Amino acid sequence: MRSRGSSNRFHSRISALVLSMFATMATIYVAARMWQDAESRVYLIQQLHTTTALGNSAISVDNKLKVEACREQEHKLSALDMDLSAARQEGFVSKERSENDSTRSKKRLLAVIGIITTFGRKKNRDAIRKAWMGSGAALRKLEEKGILVRFVIGRSANRRDSLDREIDNEHRQTDDFIVLNQVEAPEECSNKIKFFFVHAVESWDAEFYVKVNDDVYVNIVFTDIDSGSFDCFTDTLGATLSAHSDKPRVYMGCMKSGQVFSELTHKWYEPDWWKFGNAKSYFRHASGEIYALSRALAQFISINRSILRIYAHDDVSAGSWFIGLDVRHVDERKFCCSSSSTG
């Protein structure tokens with residue numbers, strides 16, 4: 001009996017010991033896992049701090065760039081505001097235009113005259129050269145006196161064909177053309193006139209820019225045009241322009257109005273006739289044979305070239321560009337040709 005009781009107590013002690021060992025091992029295992037988790041948490045917290053710091057740095061740089069961009073825009077707006085103030089005083093001129101002025105001749109011309117011509121009109125051009133425009137040294141001497149004269153023509157629809165080559169050959173001989181990168185065609189006349197003013201004001205600094213047809217003889221009389229003697233000459237055009245050089249935004253010509261023709265077969269048919277109201281009468285504008293624009297108006301055309309509306313006739317188109325602007329319309333009767341002086 002004693003031996004069996006002792007055996008039971010022995011087994012009980014062994015079981016308790018085994019349980020204690022398992023409990024100890026479990027405790028060690030759990031403690032080790034908790035330690036690993038703690039290390040992982042520390043590592044993750046460090047990584048989080050690092051990432052957050054980088055994120056804050058990135059946001060800070062981005063904000064700084066935004067601030068710098070805003071400051072740059074403020075500077076640009078300030079410069080544009082100054083340009084606008086200067087343009088209002090000068091007459092529609094921009095800063096870019098003022099910068100271009102520094103590359104031109106220091107001496108401002110009185111007038112740049114563009115004689116509008118086309119293909120097959122060489123006889124007219126030769127007659128003008130002989131009668132009042134001059135050529136060679138005489139033409140250069142006229143420029144020294146403040147008047148620059150050039151024939152204005154576009155390009156053939158078939159580039160580099162015989163028509164273009166004839167003009168190029170004539171230009172090489174006379175050096176008195178403005179050849180525009182525009183198609184030379186009757187229906188493109190209004191565009192041609194617009195881009196003449198654009199080219200002229202961007203190429204030469206002058207008080208006035210004058211459009212003349214190649215069948216108009218301007219009253220510039222020299223004592224001896226062939227020899228280039230300019231000691232005594234009468235410049236009626238120059239005197240007329242000079243009388244208005246102190247006035248801003250001058251639009252000078254033989255001012256007229258006239259009927260708007262809506263009949264498709266009529267010579268002077270106007271596709272946009274319906275825009276002129278029931279009276280079918282054009283607004284006041286200068287006759288197309290010859291008219292002059294002051295520098296500010298030519299600059300206005302250059303700046304706004306892409307949005308200026310054109311009509312079937314170039315004189316109507318030019319007149320429409322200045323409607324709504326503070327422009328001085330000068331009705332100069334000396335500019336009236338016989339064909340337009342009566343109506």
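Trainee: Which residues in H6 meet which residues in H8?

Mentor: Some conventions come before the answer. This is a predicted model, in which local features need pLDDT of at least 70 and side-chain atom pairs count only at pLDDT 80 or more, while totals for chains, interfaces and linings use all residues. Residues are numbered from 1 along each chain as its sequence is written, and side-chain values use heavy atoms, with hydrogens and water left out. Helices (H or I, at least four residues) and strands (E, at least two) are DSSP runs, numbered from the N terminus. Contact means heavy atoms within 4.5 Å. Here, Lys194, Phe197, Val198, Val201 and Glu202 in H6 meet Arg295, Ala298, Gln299, Ile301 and Ser302 in H8. These residues comprise 5 nonpolar, 2 polar and 3 charged, where Ala, Val, Leu, Ile, Met, Phe, Trp, Tyr, Cys and Pro count as nonpolar, Asp, Glu, Lys and Arg as charged, and the others, Gly among them, as polar.

Trainee: At what angle do H6 and H8 pack?

Mentor: Axes are lines fitted to C-alpha atoms, for helices over the stretch in contact, and angles run from 0 to 180 degrees between N-to-C directions. H6 (residues 189–203) and H8 (residues 295–303) pack at about 115 degrees, with axes 8 Å apart. The two helices are therefore roughly perpendicular, a class that covers 65 to 115 degrees.

Trainee: Which residues of H6 are buried?

Mentor: Buried means under 20% relative accessible area, exposed over 50%, and partly exposed in between (1.4 Å probe, protein chains only). In H6 the buried residues are Ser190, Asn191, Lys192, Ile193, Lys194, Phe196, Phe197, Val198, Ala200 and Val201. Across the chain of 343 residues, 38% count as buried.

Trainee: Where is Val327, and is it buried or exposed?

Mentor: Val327 is placed in the loop between helix H9 (314–320) and strand S9 (328–331). With a relative accessible area of 13%, Val327 is buried. Leaving aside neighbours within four places in sequence, Val327 is in contact with Arg249, Tyr251, Leu297 and Phe322.

Trainee: Which phi does Arg160 have, and where does Arg160 lie?

Mentor: Arg160 has a positive phi of about 65 degrees, although it is not a glycine. Arg160 lies in the loop between strand S2 (147–155) and helix H5 (162–174), and counts as exposed at 74% relative accessibility. Asp175, also not a glycine, has a positive phi of about 55 degrees. The loop between H5 and strand S3 (177–183) holds Asp175, which is partly exposed at 42%.

Key:
Angles under 35 degrees count as roughly parallel, over 145 as roughly antiparallel, 65 to 115 as roughly perpendicular and the rest as oblique.
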